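Biologist: I have not looked at this one before. Can you take me through it, one piece at a time?
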Amino acid sequence: MVMALPDANRDTAQALLTFFNKVVANESKNRMSIWNISTVMAPNLFFSRSKHSDYEELRLANTAAHIICLMLNYQEILWKVPSFLINQVRRMNEATMLLKKQLPSVKKLLRRKTIEREVISPKTSKVLQKSPSLRRMSDVPEGVIRVHAPRLSKVSMAIQLNSQTKAKDILAKFQYENSHGSSECIKIQNQRLYEIGGNIGQHCLDPDAYILDIYHVNPQAEWVIKPQSSF
């Protein structure tokens, strides 16, 4: 439901919950426990214009306060896109890409006989075997990605993945290879690894995400390190 909110509403909710957690973190000074702040803020965030009995009003207020408590306790996962939604987006994008590939072939149906003759031709067969695109595909090492960080370095880095490689490991390796001073070490702290293109638009990866699994799902993706949007 959070993912279905308009961007402005979701960003506002994130900013509010982040602020509420900061208030709760100072409970010893302001006496605002997580339940207290939930009770105070629930009527402002969850309200009904319908008229109810006093008992019903109390029940609704209590339920709303519990919802705020849940949102505060589990705020970290509220802004992460569920895996089933990501898989659905991948399938939709793959279907769109397949359709785009099939459209040109439909236009070529009228020339099928000519194409078949060219494929059967030994001369053409030899040319196909020497196709640059085929050579490029065979030269790409399996399980290797090239990571770009345009804001931090002009040089991309090739990284061999294994089953234990996580996003945070790639960030750490990039920092080790490219940092030459404390200022650059500070900059890398605000960076995240993104999966871009292929069967996904843009996907900010969790630091504990296993990259080889994502690579197998989306081998055509580009990998970019850039700042994560924050409040």
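Biologist: Where does Q75 lie?

Modeller: Q75 is part of helix α5, which covers residues 75-78. Keep in mind that this is a predicted model.

Biologist: Is Q75 buried or exposed?

Modeller: Q75 is buried, because its relative accessible area is 7% and the cut-off for buried is under 20%.

Biologist: Which residues does Q75 touch, leaving out those up to four places away in sequence?

Modeller: Q14, L17, T18 and N21.

Biologist: Then on to α1. Which of its residues are buried?

Modeller: R10, A13, L17, F20, V23 and V24 are the buried residues of α1. They lie on the same side of α1, because the arc they cover around the axis is only 140°.

Biologist: Why would residues a few places apart point the same way?

Modeller: An α-helix has 3.6 residues a turn, so residues three or four places apart point the same way.

Biologist: What covers the buried residues of α1?

Modeller: The cover includes α2 (27-30), α3 (34-45), α4 (54-73) and α5.

Biologist: How does the span of α1 agree with its number of residues?

Modeller: Helix α1 runs over residues 7-25, which is 19 residues. At 1.5 Å a residue it should span 27 Å, and its end C-alpha atoms are 27 Å apart, so the two agree.

Biologist: Change of topic. Where is N162?

Modeller: N162 sits in the loop between β2 (157-160) and α10 (167-178). It counts as partly exposed because its relative accessible area is 41%, between the cut-offs of 20% and 50%.

Biologist: Which backbone nitrogens lie by a polar atom of the side chain of N162?

Modeller: The backbone nitrogen of Q164 lies 2.8 Å from such an atom, and the backbone nitrogen of T165 lies 3.0 Å from one. As for V144, 18 residues apart from N162 along the chain, the C-alpha atoms of the two are separated by 9.2 Å.

Biologist: Last, the whole chain. How many helices and strands are there?

Modeller: The protein chain has 12 helices and five strands. Of its 231 residues, 25% count as buried. The chain exposes about 16800 Å², and carbon and sulfur atoms supply 58% of that.

Terms used: Residues are numbered from 1 along each chain as its sequence is written. This is a predicted model: local features need pLDDT of at least 70, side-chain atom pairs count only at pLDDT 80 or more; totals for chains, interfaces and linings use all residues. Side-chain values use heavy atoms; hydrogens and water are left out. Helices (H or I, at least four residues) and strands (E, at least two) are DSSP runs, numbered from the N terminus. Buried means under 20% relative accessible area, exposed over 50%, partly exposed in between (1.4 Å probe, protein chains only). Contact means heavy atoms within 4.5 Å. A polar contact is a pair of N or O atoms within 3.5 Å; within protein, one must be able to donate a hydrogen and the other to accept it, and residues adjacent in sequence count only if both atoms are side-chain atoms. Accessible areas come from the Shrake-Rupley method with a 1.4 Å probe; for residues, only the protein chains shown count as cover. The expected span of a helix is 1.5 Å times one less than its number of residues. The arc is that of the directions from the helix axis to the C-beta atoms.
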